[in-house]
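Please open the structure in the viewer and follow the stops below in order. Each stop names a selection and then describes what is found there.

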Amino acid sequence: MSDRGYRRPRPLSPLREHLRDTFWFAPTAGFVCVFVLWLAVSELDDTIVALFQREGAYDRLADLIAFSQDTKTVVTAISSAMMTFIGVVFSISLVAVQMASGQLTPRVVRIFVRSRISKLTLTVFLATFLVSLLVLSSYESETDPRRVVSVPLVQSLLILLLVGASLLLFVVYVSATLRLMQVGPVVDRITRDSLRVLGRMPSGPDGEDDPGPETARVLYEGRSGVLRDVNTARLVRAARRQGVVLRLVPRIGDFVVPGTPVLAVHGGAAPPRRRLRSAVSVSTERTLHQDLAFGLRQLVDIALRALSTSVNDPTTAVQCLDRIVSLLAAVARLPLGTVHHRDRGGRVRLVQEGPGWDELVDLAFEEIRWCVAGSPQVTRRLMAGLDDLLRIVPGERGAALLRHRALLVGTVERTVPVAADRAFALRPDRQGIG
């Protein structure tokens, strides 16, 4: 099996992913940027006024003062209407997301939280409101061109530009939110995110040396939760300084509790706690940052809900199977299981267990197979998917697919009494019933 090569983990990668999982960082950064921009524009307005006064162009300055007074009415209207507009837009959007999470899976909310267009829209909306307040504070009661200090001319143009950007983003944002209510875009987004995870996953060549006997263990200290990701760059650096090999005991996505081992040490003493601080991230739910299996888990959850008796939507299950098969095809010939992280010298410093091929196949098909009785559209798509994967995978990985194929045939034979119906349900069809 060929090696995909190794790329050292980026030190800021976990931080970047954690910030993407928040909804406060983008608006906060936007507030800071727009405040700095307002200061620069305000200084430009003061410079323009001082320039006209030095040249004695009081008539032109009086015209600018009159124009700015006219725009004050517009800025006041924008300031009073912007917060109401923000509240209405995002209330409707949250209702749409709630409907999507109820129809598909609660994990779809994560897509909304990580959506760049959602954060950009909220940031621009709030920035427009903030700038409108700052511009209103810049207006002076003085209208004498000889005594006026500042005329918010460029500031008024700035607020008008932000309003235009807000209206444009509103259209784009509504379109993106409506797509969250459609099955195809949601499962396609999950698939793309999973493929990005696959592209970032490092692996060492086959036949890695044994790291040696275990010499120490590091116990987890913190709140209980799901192991979301690990800062591999920090762990590799700590292991290199200590001259040891670290092995992550729980897998990404496991639930960890305080007092249980989180790292096994091979070849010496455990690194100091200060070097391991914040190297392990625990949260309330899984993310796709380093969790390859989580994408499959979400697709399977959507398919299971579609196959439930309360929903009974086999077409949605077929759409999920399309993406499940594409994900398995992407990893069919790649090394899976143990991941080896190396230091700059090429030595393995961190060993991390990941899901193997058989585990991914079981995750993809086991639960769906239990729910396909009475749905020939799904059984036909499942048969076609298994046959397609059998043509792609290396010989040693075909056993898991053949096992699921035989189990699917047995399930249909037990639940469908008529021979003609069984033959129809087991006929491979990439469209289910095309």
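**Cysteines**

Begin by selecting Cys33, which counts as exposed because its relative accessibility is 52%, and exposed requires over 50%. The model in view is a predicted one.

Next, select Cys320. Is this residue buried or exposed? Cys320 counts as buried, because its relative accessibility is 0%, and the limit for buried is under 20%.

How many disulfides does the structure hold? The structure holds zero disulfides. Cys320 accordingly takes part in none, and the nearest cysteine sulfur, which belongs to Cys371, lies 13 Å away. A disulfide would require two cysteine sulfur atoms within 2.5 Å.

**The sheet**

Now display the strands. Five of them form an open sheet with mixed pairing, and their order is E1-E5-E3-E8-E7. To locate the edges, select residues 214–219 for strand E1 and residues 338–342 for strand E7; each of these edge strands pairs on one side only. From one strand to the next, the twist averages 20 degrees.

Finally, select residues 232–242, which make up helix H8. Which strands does helix H8 touch as it packs on the sheet? Helix H8 touches strand E3 (245–248), E5, E7 and strand E8 (348–353). With E8 also selected, compare the directions of the two elements: that of helix H8 makes about 135 degrees with that of E8.

Key:
Residues are numbered from 1 along each chain as its sequence is written. This is a predicted model: local features need pLDDT of at least 70, side-chain atom pairs count only at pLDDT 80 or more; totals for chains, interfaces and linings use all residues. Side-chain values use heavy atoms; hydrogens and water are left out. Buried means under 20% relative accessible area, exposed over 50%, partly exposed in between (1.4 Å probe, protein chains only). Two strands pair if DSSP finds at least two bridges between them. Helices (H or I, at least four residues) and strands (E, at least two) are DSSP runs, numbered from the N terminus. Axes are lines fitted to C-alpha atoms, for helices over the stretch in contact, and angles run from 0 to 180 degrees between N-to-C directions. Contact means heavy atoms within 4.5 Å.
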